[in-house]
Amino acid sequence: MPAGGLPQLTTGMDLCRLLSWHWHTSWHHPEGLRWLTRACEVVGETEDPAALATWHGLGILLDQHGELDRAAAILQRCLDAAVARGDRVGQGRESNSLALVQMRRGDPVRARELFVDAHRLAQEDGDEERISTSLSNLAMLELDLGHGERALALLQEVLGIDRRLGDVWGEAVDRLNLAQAQLAVGDLASAHGTLVGRGGELLALADAEVDAELLEQLGVLATAGGHHETVPVLLGAADAVRLAAAVPRADAYDRRLEESTREARAALGEQRWSELLAQGASVSPQEAWRTCAALLPA
């Protein structure tokens, strides 16, 4: 059904499109999935751009929710439609989104192809916002593949772009991603400056996935510093955030996190680790960060 067919339908899809970012960054994924699923059932498999924006929003939430096959199918259809109508901005957006799903599905080759294509389009259009997005995504792919130095170089470039753009949210997320790369290459001092020194700014974004990743990377930092008993508390608090928001860890990220905190787990033993992990589940992200900040002063 075309988006412009009924005024009420058009208004409903506009609301879904406008709320998609809120559902994406908040702890209201079940609500978003319910409304977006209903909207997509009503509009059907149309090629109407406004309707496809609703489908795109559903694909993003399904990706975050861990329903990767459904997300990939939806976003591939959105990408095909953008290519067919000659929408370069839409093609770049859908390429980036589909590539993120392919990363989670364990297909780095296809993910890289899509990210590179999105980056090429953005460069040809001179669109720095899109350049930033594609480079950031490429950097995190490099990090998942164990190429910490490459990721670090790309993320430093991204941070410079977002500073020029005045993108406060983007710059905060860039710093969190940089901290992950810094930990990967052993630059603990720089990672500490972000995770401890700027952790309050990151929490102020009220983004569930950012909250979880901050706590998880603090766990990596605490492991490196030998503060083993703090690690499962931080990870337990992160698990609680992810459970509440229905945002699972991607497989590659999960493996990287497990490897980076293995020393702490081995030092504590399984029973003590499980006890502290459960304890952390009742700790708020703010409290967990403050505790870690006090333990790991600048």
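Reader: How do the axes of helix 10 and helix 12 cross, and at what angle?
Author: This is a predicted model. In it, the axes of helix 10 (residues 188-195) and helix 12 (residues 208-224) come within 11 Å. They cross at roughly 140°.

Reader: Left-handed or right-handed?
Author: Left-handed, as helix 10 passes helix 12.

Reader: Which residues make the contact?
Author: Helix 10 brings Leu188, His192 and Leu195. Helix 12 brings Leu214, Gln217, Leu218, Leu221 and Ala224.

Reader: And by class, how many are nonpolar, polar or charged?
Author: Six nonpolar, two polar and no charged residues.

Reader: Staying in helix 12, is Gly219 buried or exposed?
Author: Gly219 has its place in helix 12. It counts as buried because its relative accessibility is 0%, under the 20% cut-off.

Reader: What is Gly219 in contact with, leaving aside neighbours within four places in sequence?
Author: Val231, Leu234 and Thr261.

Reader: Where is Leu36 relative to Gly219?
Author: Their C-alpha atoms are separated by 35 Å. Along the chain, the two are 183 residues apart.

Reader: New topic. Which helix holds Asn96?
Author: Asn96 lies in helix 5, residues 88-104.

Reader: Why does Asn96 count as buried?
Author: Because its relative accessibility is 9%, and buried means under 20%.

Reader: Rings next. How many aromatic pairs?
Author: The count comes to zero, with ring centres required to lie within 6.5 Å.

Reader: What sits over the ring of Trp55?
Author: The charged end of Arg77, 4.6 Å from the ring centre.

Conventions:
Residues numbered from 1 in each chain as written. Predicted model: local features only at pLDDT ≥ 70, side-chain atom pairs only at ≥ 80, totals over all residues. Heavy atoms only, no water. Axes fitted to C-alpha atoms, helices over the stretch in contact; angles between N-to-C directions. Helix = DSSP H or I, 4+ residues; strand = E, 2+ residues; numbered from the N terminus. Left-handed = near helix turned anticlockwise from the far one by under 90°. Contact = heavy atoms within 4.5 Å. Nonpolar A, V, L, I, M, F, W, Y, C, P; charged D, E, K, R; others polar. Buried < 20%, exposed > 50% of the residue type's maximum accessible area, 1.4 Å probe, protein only. Phe/Tyr/Trp six-rings, centres within 6.5 Å; stacked < 30°, edge-to-face > 60°. Lys NZ or Arg CZ within 6 Å of the ring centre and 35° of its normal.
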